[in-house]
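Subject: Structure for you to look at

Hello,

Here is the structure I said I would pass on. Please open it first and keep it beside you while you read the notes below.

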Amino acid sequence: MEILKDELTEGELVIEQYLRDELYKFEVQKEIVGLKGDKTRTFRRDDFYIKEYDIYLEFLGMWNKGEQYRQEYRDKMRVYNANNIACVYLWPDNLGFIKQALNYRIERELRAKKKFRHLAKFKRFR
């Protein structure tokens, strides 16, 4: 299920274009190594990383393709949560209102992970 940078899905391309249009500084397909409690992988790769706010974005584009994909996403969510990694998850139906969904979820996730410095910066510039 790993996707290379030059093989982004259509949904990921929509998100990438939105981030560019909104002038976010981000990395695509950012690898995260050394995660505690991740028994199945030596690293995880997330769709996007916004360094300025120390938050990852994961597009759950394969969620409706079957239980195997949903379980892989749930495993990733569990590992990220156990490692206190701030990550926003976007489903395909969120693409129609990406600005509202992303802004709301970034703020909520930064607050939940107690990243108040990043939250203040996000609120100031968004």
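A residue is called buried when its relative accessible area is under 20%, and exposed when that area is over 50%. Please keep in mind that this is a predicted model.

Start with helix 4, which covers residues 116–125. Which of its residues are buried? They are His118, Leu119 and Phe122. Looking down the axis of helix 4, these buried residues fall within an arc of 100 degrees, so they line one face of the helix. The background is simple: an α-helix has 3.6 residues a turn, so residues three or four places apart point the same way. On the other side of helix 4 you will find Arg117 and Arg124, which are exposed. What do the buried residues of helix 4 pack against? They pack against helix 3.

Helix 3 (residues 98–112) also packs with helix 1 (residues 10–21). The angle between the two is about 75 degrees, and their axes are 11 Å apart. Angles of 65 to 115 degrees count as roughly perpendicular, so helix 1 is roughly perpendicular to helix 3. From helix 1, the residues that take part are Ile15, Tyr18 and Leu19; on the helix 3 side they meet Ile98, Lys99, Leu102 and Asn103. By type, the residues of this contact are five nonpolar, one polar and one charged.

Next, the nonpolar cores. The largest one has 23 residues. Leu19, Tyr24, Ile50, Ile55, Leu102, Ile106 and Leu110 have the most contacts inside it. Two or more residues of this core come from each of helix 1, strand 2 (43–50), strand 3 (55–59), strand 4 (87–90), helix 3 and helix 4. Which element gives the largest share? That is helix 3, with five residues. A second, separate core has twelve residues, including Leu35, Leu60, Val79 and Cys87.

Apart from neighbours within four places in sequence, Tyr24 is in contact with Tyr18, Leu19, Ile50, Tyr53, Asn103, Ile106, Phe122 and Arg126. Of these, Phe122 is one of the buried residues of helix 4, and Tyr18 and Leu19 belong to the contact of helix 1 with helix 3.

Not counting residues up to four places away in sequence, Lys76 touches Arg44, Arg45, Asp46, Glu58 and Tyr89. Arg45 lies in strand 2 and is buried too, with a relative accessible area of 15%. The C-alpha atom of Arg45 is separated by 4.3 Å from that of Glu31, although these residues are 14 apart along the chain.

Last, two backbone angles. Gln29 is not a glycine, yet its phi is positive, about 55 degrees. Gln29 is found in strand 1 (residues 27–33) and counts as buried, at 7% relative accessibility. Asn84, also a residue other than glycine, has a positive phi near 55 degrees. Where is Asn84? Asn84 sits in the loop between helix 2 and strand 4, and is partly exposed, with a relative accessible area of 43%.

Regards

Conventions: Residues are numbered from 1 along each chain as its sequence is written. This is a predicted model: local features need pLDDT of at least 70, side-chain atom pairs count only at pLDDT 80 or more; totals for chains, interfaces and linings use all residues. Side-chain values use heavy atoms; hydrogens and water are left out. Axes are lines fitted to C-alpha atoms, for helices over the stretch in contact, and angles run from 0 to 180 degrees between N-to-C directions. Helices (H or I, at least four residues) and strands (E, at least two) are DSSP runs, numbered from the N terminus. Angles under 35 degrees count as roughly parallel, over 145 as roughly antiparallel, 65 to 115 as roughly perpendicular and the rest as oblique. Contact means heavy atoms within 4.5 Å. Ala, Val, Leu, Ile, Met, Phe, Trp, Tyr, Cys and Pro count as nonpolar, Asp, Glu, Lys and Arg as charged, and the others, Gly among them, as polar. Buried means under 20% relative accessible area, exposed over 50%, partly exposed in between (1.4 Å probe, protein chains only). The arc is that of the directions from the helix axis to the C-beta atoms. A nonpolar core is a set of buried Ala, Val, Leu, Ile, Met, Phe, Trp, Tyr and Cys residues joined through side-chain atoms within 4.5 Å.
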